[in-house]
Every structure is written in structure tokens, then in C-alpha cells.
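Hi,

Here is the structure I promised to send over.

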Amino acid sequence: MRKKRIIHHFLSLLIKRSRALLLPLGVVLLLLLTSSRTDGGGMRVRSWTAMGNSFTLHSVTDFWWGLWGMAATHRDSDYVHVLHRLITEQQQYEPELGIANIVQFEYSHASQTVRASTVNNLRGDEQLVVLRIGECAGSLATYTTDLERLVDSLRERAPEAVVVITGTFWPHYERNACQRAAALSRHCVWVPLDVLYGNDTHSSLDTQVMGDDGEWHLIKDGGSVAKSVALHANNLGHRRIAQAIFDSLQAFYARPNGVESLRADSWEVVRTEYFDLHGRALPGRPAKGLCIRRVTYRDGRWESFKEVR
């Protein structure tokens, strides 16, 4: 609105002082007033939904104590909430967030009923849908086709949504191949995650979790499934999952003007590196201060961004 008032005031002055200049300058100012980037103008996410398995959301049970993603120690430490903060910081306003556990789709991905119930988790006004799935996928015979159908149905429900499909955190070649194929065929943003898995990024039996009951709980107190819980991402793993998704989204939203879609693998981020202002490599993203982040894409391109934490 301020931009419009300034331009309208300037036009009024032009009318008073020189009507001869009104037409050419008015046309230029009209273009400035009405022009906007349809692509590449940065993130503009007013509403988004994260959908996935226990990495995304798990109910409170006798082996898990908080309503968030395993095995982050707090709700704010799981990848969904870390990614939400990154998006909010990037675009300078907080979008509406929805979170849904859709593990039933992984178990029964060929079922039309399950697909319909999965889609019903969307409000319909999302600009972004993240599918953080795969670890629990059953038979893979029709998995790619079923995932493609799910994406089609999600887009019918939320026509404005950019759809992200991630790979699995636990390395699994066949599942990742199916999910990547579906992402490419449906022009989704594909984010591989298996390279993130390691001893430093998954939890442990001795990890403490602050439950919704306000008490600390040890994962090893979770009984027979405790070892499976401990294989989920720890806080560092969740942060790296969120960063990988965020980096790929930044590359997507930075695509050139006028380009409606690109092959998903052309903006796939395969490596993220951090450097100080002297060009020296850093071991990871600094908690605060100024640094340079360099992302390398699958097609060999790379970009650098200055970050202030």
C-alpha cells in the first residue's frame, strides 16, 4: 500500500508539472506497480503440511512420550518444527502448519480408501506439502505408481501446493528408487536423506526425552521396541533433515522467471557446505555469527549464500 501511495503521489506531481511526460512515465510506473515475479521470487508459504511416519509425528505410548517426531528430545527439535522456523525466518512471517502421521499409506499404499483418508489430512489451502516417508513402505511392486496417484490426489486437494518427497533416513536402495521415480515423474522436489544417516545422527538407548508429561524419559525404558526407537534421528539428525529439505526448497523457489517446472533432479541438493568469511571450511552450520553456505545441486551447479545466525 505504501508503494502505491508513493507512486500515485508522484503521478499527481507529474500531472501538475508536465502533462507531456505523463504518458511515457505513467506507463513505466504502471509497470512497476503491477509487475511481480511469478517464479524465483523467494518463498511465499502461507500454509503448509508435513506428512510422514514416526519421524514426523508419533502418538504418546508406553515407549514414546511426546506428540512429535521420533527421536527428537523435544517437540521444537524435530525436523518439522526446525523446518517451520527456517521457513518463517526466510520469508519473515509464520505460516500455518499442519502435521499428519500417514504411516498407514506406507503399509497399504495400494488402497484407494487409505489414499483418500491420507489426502483428507490437507486443509486445501497449502502452498507446500512435505512427504517425509518410506521407512515403513510394504510391498514395492506398485509403490511408485501408488505414490504418483497420491501426489495427483494431493494436488487436486491443494492445487497451489509444491510437493516435496524425501528419501528414507535409513538407507534402502529399492524404496528410495521408487520414491525418486515418483518425484521425477510428477515434478516434485526430491530430497535424498540416506546420506545423513550415521552414528552421530541417530539416537541411542541412553537418550533422554522430555515428555508431554513434563518428565524426562530414557529411550531404553521403552521396552521391546526401544532399539527401534533409538535408530530414529536424534536432534542433529532432525536438524540435518530439515536443512536438506530447506536447501532444496530454496533452490526450487529460486528457479528462473517464466519457468513453470523443472526436472526435480535439476534442483536436487546433493551437498551443503559452510565456510567462514575467509573461505575456510567449517565443520557444520554455526549456531550464530556470519558464514557462507554453499549448496551443490545434482546437475553440478552450485550457489553461495551469506547467512547471519
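Let's start in the sheet: Ala50 has Ile99, in S2, as its bridge partner. Ala50 sits on one side of strand S1 along with Trp48 and Gly52, while Ser47, Thr49 and Met51 are on the other, and all of these are buried (buried means under 20% relative accessible area, exposed over 50%, partly exposed in between, with a 1.4 Å probe and protein chains only). Six of the six residues of S1 are buried, so the strand is largely enclosed by the rest of the structure. As background, side chains in a regular strand alternate between the two faces of the sheet.

Before going further, a word on the source: this is a predicted model, where local features need pLDDT of at least 70, side-chain atom pairs count only at pLDDT 80 or more, and totals for chains, interfaces and linings use all residues. Residues are numbered from 1 along each chain as its sequence is written, and side-chain values use heavy atoms, with hydrogens and water left out.

Strand S1 (residues 47-52) pairs with S2 in the parallel sense over six bridges. The strand and helix labels are DSSP runs numbered from the N terminus (helices are H or I with at least four residues, strands E with at least two), and two strands pair if DSSP finds at least two bridges between them. The whole sheet is open, with five parallel-paired strands in the order S2-S1-S3-S4-S5. Its edges are S2 (96-101) and S5 (189-191), each pairing on one side only. On average, neighbouring strands here are turned by 15 degrees against each other, direction ignored.

H9 packs on this sheet, touching S3 (128-132), S4 (162-166) and S5, and its direction makes about 150 degrees with that of S5. Contact means heavy atoms within 4.5 Å; axes are lines fitted to C-alpha atoms, for helices over the stretch in contact, and angles run from 0 to 180 degrees between N-to-C directions.

H9 (residues 235-253) also meets H3 (residues 79-91): their axes come within 8 Å and cross at roughly 40 degrees. That makes H3 oblique to H9 (under 35 degrees counts as roughly parallel, over 145 as roughly antiparallel, 65 to 115 as roughly perpendicular, and the rest as oblique). The residues in contact include Leu83 and Leu86 from H3, and Ile241 and Phe246 from H9. By type, the contact divides into nine nonpolar, four polar and one charged (Ala, Val, Leu, Ile, Met, Phe, Trp, Tyr, Cys and Pro count as nonpolar, Asp, Glu, Lys and Arg as charged, and the others, Gly among them, as polar).

So which residues does Ile165 touch? Ile165 is found in S4 and is buried, with a relative accessible area of 0%. Not counting residues up to four places away in sequence, Ile165 touches Leu131, Leu147, Val151, Gln179, Ala183, Cys188, Val189, Trp190 and Val191. The C-alpha atoms of Ile165 and Ala183 are separated by 6.3 Å, though these residues are 18 apart along the chain.

His202 is buried, with a relative accessible area of 17%. Leaving aside neighbours within four places in sequence, its contacts include Phe169, Tyr197 and His232.

Cheers
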